[in-house]
Amino acid sequence: MVQQQILPAATKYACFLCNSILAKDAVGVSCQAERAIVSKLSAATDSLYANCELIKAHLLDVPSDSAAASKYYCTTIMADMNAIRQDADLLEQLTDKSYWPYPTYSDLLFY
């Protein structure tokens, strides 16, 4: 879900913004907003990707003992999942709705 839909959607929107920046720069107009948004998008996508890689690595280290595994999932994997969720929530706020692959919170609450 994250790697197949959220990261590609945010990356496509960032690419759109970068192309807008290039076009605006070519005609000499301000693109301060686009630069700020794409910077935040880039940082959030980097963080999301890093957290996905981290959870993959942690999933390889799950203890074989069921009690230890339960504790590991509760402490380590849940922390990884929370970090991923925070990044995804930020990307949802930054990414244009037309690029976002899921209904937004506002869609669910108000439509």
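I began with the term helix, which here is a DSSP run of at least four residues, numbered from the N terminus. The model I am reading is a predicted one, and I kept that in mind for each entry below.

**Entry 1: helix H4 and the surface**

I looked up leucine 108 and found it in helix H4, which covers residues 105–110. Leucine 108 counts as exposed, because its relative accessible area is 59% and the cut-off for exposed is over 50%. I then asked which residues form a nonpolar patch on the surface together with Leu108. The patch consists of Tyr105, Leu108, Leu109, Phe110 and Tyr111, and together they have about 710 Å² of accessible area.

Aspartate 107 also has its place in helix H4, but this residue is buried, with a relative accessible area of 16%. I noted that aspartate 107 forms a salt bridge with lysine 97, in which the closest N and O atoms are 2.8 Å apart. This pair links distant parts of the chain, since aspartate 107 sits in helix H4 while lysine 97 sits in the loop between H3 and H4, 10 residues apart. The two side chains are also listed as making a polar contact, at 2.8 Å.

In one, glutamate 34 pairs with lysine 24, with 2.6 Å between the closest N and O atoms. Here glutamate 34 belongs to helix H2 (residues 32–59) and lysine 24 to helix H1, so the pair links distant parts of the chain, 10 residues apart. Is glutamate 34 buried or exposed? Glutamate 34 counts as buried, at 15% relative accessibility, whereas lysine 24 counts as partly exposed, at 27%.

In the other, aspartate 25 forms a salt bridge with arginine 35, and again the closest N and O atoms are 2.6 Å apart. Aspartate 25 lies in helix H1 and arginine 35 in helix H2, 10 residues apart, and this pair too links distant parts of the chain. Both partners are partly exposed, aspartate 25 at 41% relative accessibility and arginine 35 at 42%.

**Entry 2: aromatic rings**

I next turned to the aromatic pairs, of which the count comes to 3. The rings of tyrosine 13 and phenylalanine 16 have centres 6.2 Å apart and planes at 15°, so I wrote this pair down as stacked. Both residues lie in helix H1 (residues 2–27), and they are 3 residues apart, which is about one turn of the helix. Tyrosine 13 also pairs with tyrosine 99, and this pair is tilted, with 5.2 Å from centre to centre and 50° between the planes. Because tyrosine 13 lies in helix H1 and tyrosine 99 in the loop between helix H3 (66–94) and H4, the pair ties together parts that are 86 residues apart in sequence. I recorded Tyr13, Phe16 and Tyr99 as one aromatic cluster.

**Entry 3: cysteines**

Last, I checked for disulfides and found that the structure holds 0 of them. Cysteine 31 counts as buried, at 4% relative accessibility, whereas cysteine 74 is exposed, with a relative accessible area of 55%.

Definitions and conventions:
Residues numbered from 1 in each chain as written. Predicted model: local features only at pLDDT ≥ 70, side-chain atom pairs only at ≥ 80, totals over all residues. Heavy atoms only, no water. Patch = residues over 30% accessible without salt bridge, like charges linked within 9 Å, V, L, I, M, F, W, Y side chains within 5 Å. Areas by Shrake-Rupley, 256 points an atom, 1.4 Å probe, with all protein chains shown as cover. Salt bridge = Lys/Arg side-chain N within 4 Å of Asp/Glu carboxyl O. Helix = DSSP H or I, 4+ residues; strand = E, 2+ residues; numbered from the N terminus. Buried < 20%, exposed > 50% of the residue type's maximum accessible area, 1.4 Å probe, protein only. Disulfide = S-S within 2.5 Å. Polar contact = N/O pair within 3.5 Å; in protein donor to acceptor, adjacent residues only side chain to side chain. Phe/Tyr/Trp six-rings, centres within 6.5 Å; stacked < 30°, edge-to-face > 60°.
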